[in-house]
Amino acid sequence: MNNGLLKGKKGIIFGALNEKSIAWQVALKAHHEGARLVLTNSPVAVRMGSISELAALTSSKLVVADATSMVDIDRLVSESLQIFGGRFDFVLHSIGMSPNVRKDIPYENTSYENMMKTYDISALSFHRILQTCYKYDAINEWGSVVALTYVAAQRTLAGYNDMGDAKALLESIARSFGYIYGRDRKVRINTISQSPTPTTAGSGVHGIESLLDFSERMSPLGNATAAECADYCVTLFSDLTRKVTMQNLYHDGGFSSMGMSLKAIEQYNKSFKECDEK
Ligand SMILES: NC(=O)c1ccc[n+]([C@@H]2O[C@H](COP(=O)([O-])OP(=O)(O)OC[C@H]3O[C@@H](n4cnc5c(N)ncnc54)[C@H](O)[C@@H]3O)[C@@H](O)[C@H]2O)c1
């Protein structure tokens with residue numbers, strides 16, 4: 001169903017690698033709701049992934065940019081202003097990578113060089129993008145910026161490693177810049193805290209299969225899919241949410257508010273019975 005929620009709006013979408021990517025789903029949905037898009041990803045992702053296919057599907061321009069390079073982000077924002085013929089209305093930050101997670105280096109024996117890369121790619125890139133958009137006054141009044149995050153910013157989840165710290169920083173940047181951008185230009189900035197999702201980045205997390213299963217069982221509504229996350233992003237880019245800013249918004253089927261579920265208690269008791277019988 002097309003509700004025309006983004007009719008006449010323009011936006012930049014970071015982070016579509018392949019069709020499993022959350023950003024891929026957001027691009028499809030935003031296009032469907034009437035938005036014009038610029039898609040962007042790093043040079044290696046453009047080479048290895050299938051973003052050109054998405055650009056064709058959504059009649060979007062593709063601008064290659066490494067989110068850790070100030071030069072690239074500057075060029076991306078200026079080119080986007082030219083492509084759109086003026087300011088745009090929304091930005092999606094859907095970028096995450098930890099060399100420590102990728103190489104299975106445990107948190108208690110971290111490589112600090114890798115850790116700095118994790119923060120740079122996954123969190124500081126958000127500041128870099130906001131700072132550049134602010135400098136060029138590139139986002140229309142009542143525009144909307146969304147970054148994707150995970151509950152590991154608030155709670156420790158084994159295996160999420162330094163990405164938990166990166167997400168905490170990302171969410172803090174949303175609040176700090178949200179104040180400045182809201183005050184000066186009426187632009188809103190939020191983070192969406194998404195359920196574990198089987199994407200390329202998601203699959204790199206140690207024990208992801210168990211995590212997906214655990215949160216699926218623990219959430220009263222079950223895990224949220226990438227396509228459902230795209231629906232939520234569209235509402236945040238639309239004019240229906242103009243006074244929502246500086247928030248970390250959970251999109252996780254209720255997981256973040258759960259302590260113990262009935263099913264989990266039963267399973268817990270059962271495991272003790274099995275132990276007692278031995
Ligand atoms: N998959 C999950 O379980 C899950 C849960 C909550 C939040 N998230 C977040 O959602 C976002 C999107 O991840 P995804 O799950 O769709 O996985 P994904 O692997 O499809 O997307 C991650 C993207 O980050 C991009 N990226 C990495 N380094 C970059 C750089 N230097 N410059 C520009 N782009 C770069 C990759 O190319 C890729 O497109 C991430 O922020 C991730 O942390 C994912």
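## Helix crossing and parallel sheet

The axes of helix H1 (residues 22-32) and helix H10 (residues 226-237) cross at roughly 55° and come within 8 Å of each other. H1 and H10 are therefore oblique to each other. Their crossing is right-handed. All of this is read from a predicted model.

On the H1 side, the contact is made by Ile22, Gln25, Val26, Leu28, Lys29 and Ala30. These meet Ala226, Ala227, Cys229, Ala230, Asp231, Cys233, Val234 and Phe237 in H10. By class, the contact of H1 with H10 holds 11 nonpolar, one polar and two charged residues.

The sheet comes next. Seven strands build an open sheet, ordered E3-E2-E1-E4-E5-E6-E7, with parallel pairing. Strand E3 (61-64) and strand E7 (248-251) stand at the edges; each has a single partner strand, so one side of each is left without a neighbour in the sheet. On average, neighbouring strands of this sheet are turned by 20° against each other, direction ignored.

| Strand pair | Sense | Bridges | Residues standing opposite |
|---|---|---|---|
| E1 and E2 | parallel | five bridges | lysine 10 and arginine 36 |
| E1 and E4 | parallel | three bridges | glycine 11 and phenylalanine 90 |
| E4 and E5 | parallel | five bridges | phenylalanine 90 and serine 144 |

Strand E1 covers residues 10-14, and strand E2 covers residues 36-41. Six of the six residues of E4 are buried, so E4 is largely enclosed by the rest of the structure.

Helices pack on this sheet. Helix H6 (residues 112-135) touches strand E4 (88-93) and strand E5 (139-149). The direction of H6 makes about 170° with that of E4. H10, the partner of H1 in the crossing, lies across E1, E4, E5, strand E6 (188-194) and E7. H10 runs at about 165° to E6.

Aspartate 104 sits in the loop between helix H5 (99-102) and H6. Is aspartate 104 buried or exposed? Aspartate 104 has 10 C-beta neighbours inside 10 Å, and therefore counts as exposed. The C-alpha atoms of aspartate 104 and histidine 206 are separated by 7.4 Å, although the two residues are 102 residues apart along the chain.

How values were computed: Residues are numbered from 1 along each chain as its sequence is written. This is a predicted model: local features need pLDDT of at least 70, side-chain atom pairs count only at pLDDT 80 or more; totals for chains, interfaces and linings use all residues. Axes are lines fitted to C-alpha atoms, for helices over the stretch in contact, and angles run from 0 to 180 degrees between N-to-C directions. Helices (H or I, at least four residues) and strands (E, at least two) are DSSP runs, numbered from the N terminus. Angles under 35 degrees count as roughly parallel, over 145 as roughly antiparallel, 65 to 115 as roughly perpendicular and the rest as oblique. A crossing is left-handed if the near helix is turned anticlockwise from the far one by less than a right angle, and right-handed if clockwise. Two residues are in contact if their C-beta atoms, placed from the backbone, lie within 7 Å. Ala, Val, Leu, Ile, Met, Phe, Trp, Tyr, Cys and Pro count as nonpolar, Asp, Glu, Lys and Arg as charged, and the others, Gly among them, as polar. Two strands pair if DSSP finds at least two bridges between them. A residue is buried if 20 or more other C-beta atoms lie within 10 Å of its own, exposed if 12 or fewer, and partly exposed in between; C-beta atoms are placed from the backbone.
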